Amino acid sequence: MRLPKTKRGALLAVGGSVVVVAVVGFLLIYFVLFPTSSPKPLSLSSSAGATPVTSGTSVAGRWTIATGSVAGYRVREKLGFLPAESDAVGRTSAITGTATFAQSGQVVTARAAAFTVDVLKLKSNEAMRDAHIQTIGIQSATYPTATFVLSSPMTLPASALSGGVVHTAVTGVFKIHGTSRHETVPLEMRLSNSEIQAVGSLTFPWSAFNMTAPSVGGFVSVTNRATMEFDLRLRRA
């Protein structure tokens, strides 16, 4: 191995080695703390199958959040000058709320709905990330809940009673980070005698809800858009 012939050369060599070790160390920490795999987007349960609403049975009435419901965020992370490797995903089942449905013949209409998510209980695959979002980004320590209130009735097609997948959209007021916005969100729904499932997501720039995209020490940052996703399971109240 050739040794540097001057003091300046030796200093440069040492400095270069320190930089290399620092970069390698950071990359190692990053890929340990932020692995490249992430949960898939939420979707309708495949195990339920198409179970038609029994003839003579009405879905009219009040339904409430049930076990299996989940809501959370999905953001694309970036490591310094490298492209993003994976989505950062945090979710919680700490959801409350109800929906009221009316039925006239084969037509089902959601008349009212209101849901609250405890975002302070959002959990990802890394405790460090969970701690950071309490004070940056969504700032859950300051804004511990996110809410949705239906603002106009949502009428489902007659095929909804067949137990198959229904594609529709819901319009209401989302309140995230203390900021309220009217939004329309595409939904996939499935109805049965015992359960109504609704899955959807809303992608928005952080600024839409007066948030700033998180950045940790300038090394780990996220893109300028975030996605809120949910899978709501409702049972008769």
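The model is predicted, so local features need pLDDT of at least 70 and side-chain atom pairs count only at pLDDT 80 or more, while totals for chains, interfaces and linings use all residues. Residues are numbered from 1 along each chain as its sequence is written, and side-chain values use heavy atoms, with hydrogens and water left out.

The average pLDDT (the predictor's confidence in each residue, from 0 to 100) is 86, and 79% of the residues score at least 70. Residues 30–34 fall below 50, yet this stretch has 13 contacts beyond near neighbours in sequence (heavy atoms within 4.5 Å).

The structure holds one cavity of 30 Å³ or more. A cavity is a set of points on a 1 Å grid over the protein atoms alone where a 1.4 Å probe fits but cannot get out, and lining residues have an atom within 4 Å of a point. Grid points are joined across faces, edges and corners, and a volume is the space filled by probe spheres set on the points. The largest cavity holds about 750 Å³. Among its 49 lining residues, Ala71, Gly72, Tyr73, Ile176 and Met228 are the closest to its centre. Strand β12 (residues 220–236) gives the most to this lining, nine residues; strands are DSSP runs (E, at least two residues), numbered from the N terminus.

Strand β12 also pairs with β1, where pairing requires at least two DSSP bridges.

| Strands | Sense | Bridges | Bridge partners |
|---|---|---|---|
| β1 and β4 | antiparallel | four | Trp63 and Ala99 |
| β1 and β12 | antiparallel | three | Thr64 and Arg235 |

Notes. On a 1 Å grid over the protein atoms alone, a cavity is a set of points where a 1.4 Å probe fits but cannot get out, and a pocket is an open set with protein on both sides within 12 Å along at least five of seven lines; lining residues have an atom within 4 Å of a point.
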